[in-house]
Amino acid sequence: MHARNLTFAALTALSISAIAQTSTPIAGFVHTADVDLAYEVYGKPTAETPVFAINGGPGLSHKYMIQNDVWTRLAQHRQIVFYDQRGTGKSTILQPGASQEMSAQVADLEAVRAYFKFETIDLVGDSYGGFLSMAYATAHPEHVHKLILSDSPPPAFKDMVHLLPQTFPDIEEEDAAIEKKLGNTDAAAQQQLIDHFRMIFYSEDLMHKYLANIGDIGYAPKVGAAVGESAEKMDMTAELPKFNFPTLILTGRYDMNVAPLNAWRMYKAIPGAKLAIFAKSGHLPSYEEPDKYVQVVDEFLSGR
């Protein structure tokens with residue numbers, strides 16, 4: 001999720017054949033010059049194109065995405081790969097001075113794809129993960145089979161329609177008080193992240209349920225700030241009309257973090273794109289309307 005720029009024991013990487021023999025999640029690492037990238041794979045190889053589910057943040061692990069059974073249900077028909085972006089979650093074995101530029105984020109995603117020897121992949125980018133997916137699709141269109149942007153920022157952060165301050169002035173004021181008390185510290189950022197989650201749900205009941213179960217989601221504020229700074233320099237607006245792969249845009253009707261107008265504009269900019277609006281969702285339709293989310297995503301990926 002786009003967190004407003006607030007701002008394992010080591011496992012031996014398992015072979016592809018080992019992954020093919022089990023339907024339970026398989027974990028391991030992709031070793032690069034800069035970082036050991038932790039991954040999890042759900043499902044077995046099928047005739048369907050493998051999916052890479054790219055989490056948001058920046059600065060978060062993928063844990064926030066797997067708080068219900070949406071992805072295990074989708075993995076009944078295809079393999080789904082998650083990985084923690086460099087410096088977050090379990091991908092914290094990082095070389096000193098390693099870059100946090102968007103180019104490094106794209107290179108990491110490509111390294112994971114190459115490790116699994118998938119010629120093409122389907123991308124499901126959630127929130128900031130949508131921005132990263134667009135950056136990857138711009139750099140490596142030959143490896144993109146289908147693209148899903150789920151409550152994604154626009155291709156240029158400067159064009160973001162972001163309505164949390166106008167919708168939640170009370171919580172924004174609490175955030176300001178936290179920063180005044182704790183300063184620009186990791187402790188303040190962790191508390192502000194919880195406040196951020198309080199503002200991104202349509203259902204207050206589901207918000208409380210989510211926060212009661214989420215635990216530590218591997219937030220690295222300094223990583224988030226560095227990646228966010230790099231992302232703000234990018235403008236991929238001119239690239240969207242060049243996307244020649246099937247694209248699906250998803251948005252929660254009541255997403256005040258990344259307002260639906262962002263999705264609408266991308267839907268209009270990408271040739272042949274499809275749009276699905278979740279009427280009872282904020283920023284996380286996969287959690288607030290999971291049955292519809294599985295149906296819409298599965299039908300698009302399966303070509304139905």
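# Exercises on a predicted model

The axes of helix α6 (residues 169-182) and helix α7 come within 9 Å and cross at roughly 175°. This is a predicted model, in which local features need pLDDT of at least 70, side-chain atom pairs count only at pLDDT 80 or more, and totals for chains, interfaces and linings use all residues. Residues are numbered from 1 along each chain as its sequence is written, and side-chain values use heavy atoms, with hydrogens and water left out.

## Exercise 1: the α6, α7 and α8 helices

Task: Classify the packing of α6 on α7, then that of α7 on α8, and list the residues in contact.

Solution. 

Step 1. Helices (H or I, at least four residues) and strands (E, at least two) are DSSP runs, numbered from the N terminus. Axes are lines fitted to C-alpha atoms, for helices over the stretch in contact, and angles between N-to-C directions run from 0 to 180 degrees. Under 35 degrees counts as roughly parallel, over 145 as roughly antiparallel, 65 to 115 as roughly perpendicular, and the rest as oblique.

Step 2. Take the pair α6 and α7. The crossing is roughly 175°, and the two helices are therefore roughly antiparallel to each other. From α6, the contact (heavy atoms within 4.5 Å) uses I171, E174, D175, I178, E179 and L182. From α7 come A187, A188, Q191, Q192, D195 and R198. By class, there are five nonpolar, two polar and five charged residues. Here Ala, Val, Leu, Ile, Met, Phe, Trp, Tyr, Cys and Pro count as nonpolar, Asp, Glu, Lys and Arg as charged, and the others, Gly among them, as polar.

Step 3. Take α7 (residues 186-198) and α8 (residues 204-214). Their axes come within 10 Å and cross at roughly 150°. That makes α7 roughly antiparallel to α8. I194, F197 and R198 of α7 meet M207, Y210 and L211 of α8. This contact has five nonpolar, no polar and one charged residues.

## Exercise 2: the buried side of α10

Task: Which residues of helix α10 are buried, and what covers them?

Solution. 

Step 1. Apply the cut-offs. Buried means under 20% relative accessible area, exposed over 50%, and partly exposed in between (1.4 Å probe, protein chains only).

Step 2. List the residues. In α10 (residues 260-269), P260, N262, A263 and M266 are buried.

Step 3. Look down the axis. These residues fall within an arc of 150°, so they line one face of the helix. The arc is that of the directions from the helix axis to the C-beta atoms.

Step 4. Find the cover. It includes α4 (128-139), β6 (144-150), β7 (247-252) and β8 (274-278).

## Exercise 3: backbone exceptions

Solution. 

Step 1. Recall the background. Most residues other than glycine have a negative phi, and most peptide bonds are trans.

Step 2. P58 sits in the loop between β3 (51-54) and α2 (70-74).

Step 3. S127 is in the loop between β5 (121-126) and α4. Its relative accessible area is 0%, so S127 is buried.

Step 4. D151 is in the loop between β6 and α5 (164-167). At 2% relative accessibility, D151 is buried.

## Exercise 4: loop residues

Task: Are N68, A75 and S281 buried or partly exposed, and what does each touch beyond four places in sequence?

Solution. 

Step 1. N68 lies in the loop between β3 and α2. At 26% relative accessibility, N68 is partly exposed. Its contacts are S286, Y287 and P290.

Step 2. A75 lies in the loop between α2 and β4 (80-83). At 8%, A75 is buried. A75 touches Y42, G43 and I80.

Step 3. S281 lies in the loop between β8 and α11 (285-288). At 0%, S281 is buried. S281 touches Y202, G252, R253, Y254, D255, E288 and E289.

## Exercise 5: confidence

Task: Over which residues does pLDDT stay under 50?

Solution. 

Step 1. Start with the chain. Its pLDDT (the predictor's confidence in each residue, from 0 to 100) averages 92, and 92% of the residues score at least 70.

Step 2. Name the stretch. It is residues 2-23, for which the model has 65 contacts beyond four places in sequence.

Step 3. Apply the caution. Where pLDDT is low, the predicted coordinates should not be read in detail.
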